[in-house]
Amino acid sequence: MYDAILAETISLTGHGGDQIEAYLARPLGPGPFGSVVVIHHMPGYDAPTKEITRTFAVNGYAAVCPNLYWREAPGASPDDAAATARAAGGVPDERLVGDVGGAAAFLRAMPASNGKVGVIGFCSGGRQSFLAACSLPLDAAVDCYGAFVVGTPPEGMPLKVGPIVDLTPNLSCPLLGLFGAEDQHPSQEQVAELEKALVEAGKTFDFHSYDGAGHAFFSVNRPAYRPDAANDGWQRIFGFYGRYLAG
């Protein structure tokens with residue numbers, strides 16, 4: 001296989017027909033390729049998230065990361081855009097679904113697409129990955145320590161989000177969940193509550209929690225990074241997507 005990728009900033013149609021910024025990375029080959037929508041974490045549309053998007057392309061997937069904060073702060077730095085979005089209470093759920101739906105449609109329309117699209121999210125994006133998979137027809141979803149699928153933000157946290165575990169019966173695809181055993185948002189009790197809901201709804205899922213890891217253990221540029229957990233997590237992600245998206 002020709003070993004090269006293309007990565008670039010693009011514009012795609014998101015919620016309500018809005019044109020929003022996004023980052024696309026794809027293999028330079030004939031395909032067909034599976035595709036992934038990457039949902040960035042609360043710190044925003046930043047360099048580490050773009051690196052994650054490129055990682056999927058290196059491994060044979062077309063991937064696109066929509067800038068969920070584009071409307072609040074077009075052209076702003078990731079830190080400033082994230083601060084602006086937090087001050088507004090975060091990304092509204094309905095808008096998130098529209099933006100991910102637009103990104104999925106963009107990927108399916110690419111000439112080298114095999115028609116299969118998954119979603120992955122980290123931190124707030126983990127919750128949003130679950131939300132998208134319960135609201136859109138997708139082929140696979142990964143929730144990396146998504147907070148407030150179960151439970152509500154503690155007092156003083158600016159996010160205006162509520163629990164969405166009641167959407168579990170609508171989950172459209174298999175779900176992989178990767179969590180830190182030392183995390184508080186989500187706690188192990190909250191992960192267990194979500195697992196119970198998935199069992200009761202008869203959904204296909206695989207959850208794994210890592211001892212010694214807390215929130216954001218995938219983040220290579222933060223003290224929370226745990227290499228052993230992150231490396232195992234990546235192996236699980238590519239095994240999962242290989243089962244449901246490749247081919």
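The lining of the largest cavity divides into six nonpolar residues, two polar and one charged; here Ala, Val, Leu, Ile, Met, Phe, Trp, Tyr, Cys and Pro count as nonpolar, Asp, Glu, Lys and Arg as charged, and the others, Gly among them, as polar. This is a predicted model, with local features needing pLDDT of at least 70 and side-chain atom pairs pLDDT 80 or more, while totals for chains, interfaces and linings use all residues. Numbering runs from 1 along each chain as its sequence is written, and side-chain values use heavy atoms, leaving out hydrogens and water.

**The cavity**

- On a 1 Å grid over the protein atoms alone, a cavity is a set of points where a 1.4 Å probe fits but cannot get out, and lining residues have an atom within 4 Å of a point.
- Searching the whole structure turns up one cavity of 30 Å³ or more.
- The largest cavity comes to about 50 Å³, a volume being the space filled by probe spheres set on grid points joined across faces, edges and corners.
- Its lining includes Asp-143, Gly-146, Phe-179 and Pro-186.
- Helix α5 (residues 188-201) gives the most to that lining, with three residues; helices are DSSP runs of H or I, at least four residues, and strands are runs of E, at least two, numbered from the N terminus.

**The pockets**

- A pocket is an open set of points with protein on both sides within 12 Å along at least five of seven lines.
- The largest pocket holds about 360 Å³ of space.
- Of its 24 lining residues, Met-42, Cys-123, Ser-124, Phe-148 and Leu-159 are the closest to the centre.
- α4 (124-135) is among the suppliers of at least two lining residues here, and gives the most, with three.
- The second largest pocket holds about 290 Å³.
- Pro-48, Ile-52, Phe-218, Val-220 and Trp-234 sit closest to its centre, out of 19 lining residues.
- α1 gives the most to this second lining, with five residues.

**Helix α6**

- The 18 residues of α6 (residues 227-244) should span 26 Å at 1.5 Å a residue, and the end C-alpha atoms are 26 Å apart, which agrees; the expected span is 1.5 Å times one less than the number of residues.
- Buried residues (under 20% relative accessible area, 1.4 Å probe, protein chains only) in α6 include Ala-229, Gly-233, Trp-234 and Tyr-241.
- Exposed residues (over 50%) on the face turned away from the buried side are Asp-228, Gln-235 and Arg-243.
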